[in-house]
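Here is a briefing on two ligand sites. Look at the surroundings of each ligand in turn.

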Amino acid sequence: MVTKDIYVFAQQTDSVFENVVFELLSEARKLCDTIRSSRPDFNVVAVLLGHHVKASANALFEHGADQVIVCDHKSLAHYSTEKYTDVVSRIITTYHPDSLLIGATVVGRDLAPRIAARVDTGLTADATKIEIDPTGEHPTQLWITRPAFGGNLFGTIVCPNHRPQMSTIRPNVLDSDFFQHGRTGEIIEFGFEDETETLVKFLQRIPKEEHGVNIAKARIIFSGGRGMSGHFDLLEECARSVGGVVAASRGAVDMGEAPKDVQVGQTGKTVRPTLYIACGISGAVQHTAGMDKSEYIIAINKDPQAAIFSVATLGIVGDALEILPHLAEEIRKLQQHSES
Amino acid sequence: MNIVLLVKQVPDTTEMKIDKVTGTLIRTGVPTIINPDDLAAVEEALILKEKYDARITIVTMGPPQAEEMLREILGRGADEAYLLSDARFAGADTWATSTTLAAFLKTLPYDLILAGRQAIDGDTAQVGPQTAEKLHILQVTYVEEIIKLENGRMIVKKAYETFSEILEVPLPCLLTTLNTMNQPRGMNVYDAWRAYQKPLTKITFDDLDLPLSQVGLKGSPTQVKKTFTRTIQAGSLNENLSSRDAAKLIASTLKAYME
Ligand SMILES: Cc1cc2nc3c(=O)[nH]c(=O)nc-3n(C[C@H](O)[C@H](O)[C@H](O)COP(=O)(O)OP(=O)(O)OC[C@H]3O[C@@H](n4cnc5c(N)ncnc54)[C@H](O)[C@@H]3O)c2cc1C
Ligand SMILES: Cc1cc2nc3c(=O)[nH]c(=O)nc-3n(C[C@H](O)[C@H](O)[C@H](O)COP(=O)(O)OP(=O)(O)OC[C@H]3O[C@@H](n4cnc5c(N)ncnc54)[C@H](O)[C@@H]3O)c2cc1C
């Protein structure tokens with residue numbers, strides 16, 4: 001069986017796409033353009049499931065899809081493991097994609113393993129890097145790299161004899177830099193004649209306690225660890241004055257210094273701000289896994305051996321409780337300077 | 001009610017160090033533990049057992065030393081254990097792991113299967129859903145609370161990134177649990193003693209109705225091409241600065257990023 005095309009699962013809620021969809025499309029676009037030198041027939045294909053979602057396909061073309069397979073049905077209006085596994089698996093057995101990329105969101109990590117088990121193929125989990133076989137031997141073979149052992153070890157995974165090559169990919173890690181306004185493509189409608197109810201019933205949605213800040217979207221993050229306990233107000237002051245937000249290590253969250261939804265790391269959020277300032281954080285791999293893609297990292301720690309310094313662009317050995325008040329003052333000076 | 005728990009013995013990854021010379025993981029001397037998400041599942045099973053009079057069977061695929069972990073969970077209150085151990089199972093990816101587990105689970109009575117959301121070594125979170133698929137049963141992943149069991153249906157709370165959902169799922173089903181959902185109870189001397197009074201059965205490849213081509217490394221669609229540890233290139237490290245000079249240095253960098 002000849003397989004072709006890179007498929008991307010276009011996760012959406014009420015026609016609003018997860019940002020990771022655009023990250024995956026950009027990445028698929030790059031991979032596809034490389035593969036086309038040996039397989040000019042390859043396309044980037046987005047797979048869009050939902051109800052009344054066809055109009056949103058345009059955004060997928062603009063972000064890099066050549067084709068969009070749309071399956072529009074009322075029983076797909078909300079994500080359901082059963083229905084989505086059925087439809088995506090049938091799309092795979094109908095069109096034979098060469099690879100399928102899915103965002104490593106809660107939905108993606110519920111759906112992808114189920115599909116891979118149904119169509120009997122390999123699935124790489126929660127990847128952070130995708131490349132084409134660097135040896136040049138197999139021009140469509142993906143080499144997919146992912147952290148394991150709590151971020152202590154990286155593995156490069158291949159799926160040589162099964163198709164599609166599947167992977168979930170961690171949000172916020174790849175760039176979503178491809179965008180062409182007005183770019184269009186072909187819509188393929190995929191029929192679904194299922195009138196059965198889902199067996200797992202949705203009863204109620206409960207919002208998580210809202211703390212008003214979304215650290216995943218912030219440009220500047222002042223992050224505090226156990227070394228800042230009792231003094232998070234210092235971080236607040238600096239962050240506020242530069243339009244940034246405050247985040248925390250799990251050590252600090254566990255001590256009640258900050259809410260759980262601003263925790264950075266393996267069991268918290270992955271952030272990628274332009275500037276990350278780590279204060280009193282030791283730099284455990286479970287923490288750095290969530291922030292080491294930041295553009296510029298400043299670390300302040302008393303201990304010159306602290307692991308955080310190994311990911312820092314600028315490391316300061318010193319007492320954060322003393323440095324931050326001075327920093328607040330320096331920021332004030334800078335602002336007065338720019339106003340006058 | 002029959003509850004089956006899927007459990008995995010894992011190295012305590014927080015205790016892991018990297019060999020600075022070879023750049024490889026040092027695994028010797030690292031203590032092994034029950035995977036944290038699985039320990040939460042054990043506790044949930046014990047709570048269900050108290051409420052609904054369930055029988056708890058624990059199943060693991062792993063090396064012979066995983067027996068220690070099974071004994072510990074028997075001590076905590078599980079009724080029976082199975083250790084799937086065979087050199088031919090070694091090197092399995094999640095597809096082969098779940099295929100093997102499912103082949104064995106088909107031989108057991110079960111209403112509810114509990115697995116951890118994710119193992120802290122392989123970190124894939126795939127074995128639970130793939131086992132459910134191989135058994136053709138329903139699943140709910142990322143369960144943060146088991147609310148109740150009513151008329152053969154579980155009412156559970158599932159965690160999403162920014163909200164939670166209450167879902168109702170009929171038995172039989174598989175749930176994957178988060179380690180934050182409960183505080184596992186402690187163990188005492190009596191527990192340790194009774195762990196050895198309960199049945200623990202070893203299962204090998206020959207006991208399963210599976211072709212050799214579907215187990216272990218050879219039965220795995222994915223292959224680990226290479227592994228490596230992070231190559232660290234640290235930036236500049238500034239020691240012995242006064243607090244004021246340190247603040248000035250940071251501010252000079254910060255300036256470029258301010259609006
Ligand atoms: C399965 C698992 C998942 C995890 N997930 C996460 C996660 O998502 N995010 C996360 O952050 N952690 C996570 N952890 C925990 C992680 O391993 C660390 O324990 C945690 O990150 C430590 O937090 P910390 O750096 O604040 O505290 P510590 O490790 O205690 O470090 C405090 C640091 O502050 C420094 N310090 C103290 N006083 C000062 C001062 N006045 N000025 C400057 N420096 C000072 C000290 O030198 C020290 O380096 C996880 C662990 C496990 C097992
Ligand atoms: C560096 C590295 C990277 C890897 N990457 C991948 C990959 O991308 N894709 C892939 O398919 N495989 C991968 N593997 C192989 C994978 O780690 C093994 O298949 C492993 O046995 C199961 O995966 P896990 O540890 O991620 O378990 P998870 O799927 O995270 O475990 C979830 C739950 O399933 C249950 N469970 C898991 N394993 C067992 C078991 N042996 N017995 C009983 N219950 C169990 C437990 O309840 C556990 O909490 C990788 C291995 C390494 C060393």
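A polar contact is a pair of N or O atoms within 3.5 Å. By that cut-off, Ala125(B) makes one with ligand 2: a backbone N or O atom of the residue lies 2.8 Å from an oxygen atom of the ligand. The model is predicted. Ligand 1 is surrounded by residues from chains A and B, so its site is shared between chains. Residues from chains A and B also surround ligand 2, so that site is shared between chains.

**Ligand 1: shell**

- The shell holds 26 residues.
- Ser249(A), Val264(A), Thr267(A), Ser282(A) and Asn301(A) come nearest to ligand 1.
- By class, 16 shell residues are polar, 5 are nonpolar and 5 are charged.

**Ligand 1: polar contacts and cover**

- Ser249(A) places a polar side-chain atom 2.5 Å from an oxygen atom of ligand 1.
- Thr267(A) also uses its side chain: an N or O atom there is 2.6 Å from a nitrogen atom of ligand 1.
- Lys302(A) contributes through its backbone, with an N or O atom 3.2 Å from a nitrogen atom of ligand 1.
- On its own, ligand 1 has 990 Å² of accessible area, and the protein covers 81% of it.
- Three helices of chain A give two or more residues each to this shell: H6 (250–254), H7 (285–288) and H8 (320–339).

**Ligand 2: shell**

- Around ligand 2 there are 32 residues.
- The closest are Leu6(B), Lys8(B), Asp38(B), Ala92(B) and Thr124(B).
- The class count is 14 nonpolar, 11 polar and 7 charged residues.

- Met61(B) has a backbone N or O atom 2.8 Å from a nitrogen atom of ligand 2.
- For Val127(B), a backbone N or O atom lies 2.8 Å from an oxygen atom of ligand 2.
- Ligand 2 exposes 940 Å² when taken alone, and the protein buries 92% of that area.
- From chain A, strand S7 (123–127) and strand S9 (142–148) each give two or more residues to the shell around ligand 2.

Conventions: Residues are numbered from 1 along each chain as its sequence is written. Chains are lettered from A and ligands numbered from 1 in the order in which they are written. This is a predicted model: local features need pLDDT of at least 70, side-chain atom pairs count only at pLDDT 80 or more; totals for chains, interfaces and linings use all residues. Side-chain values use heavy atoms; hydrogens and water are left out. A residue is near a molecule or strand if one of its heavy atoms lies within 4 Å of it. A polar contact is a pair of N or O atoms within 3.5 Å; within protein, one must be able to donate a hydrogen and the other to accept it, and residues adjacent in sequence count only if both atoms are side-chain atoms. Accessible areas come from the Shrake-Rupley method with a 1.4 Å probe; for residues, only the protein chains shown count as cover. Helices (H or I, at least four residues) and strands (E, at least two) are DSSP runs, numbered from the N terminus. Ala, Val, Leu, Ile, Met, Phe, Trp, Tyr, Cys and Pro count as nonpolar, Asp, Glu, Lys and Arg as charged, and the others, Gly among them, as polar.
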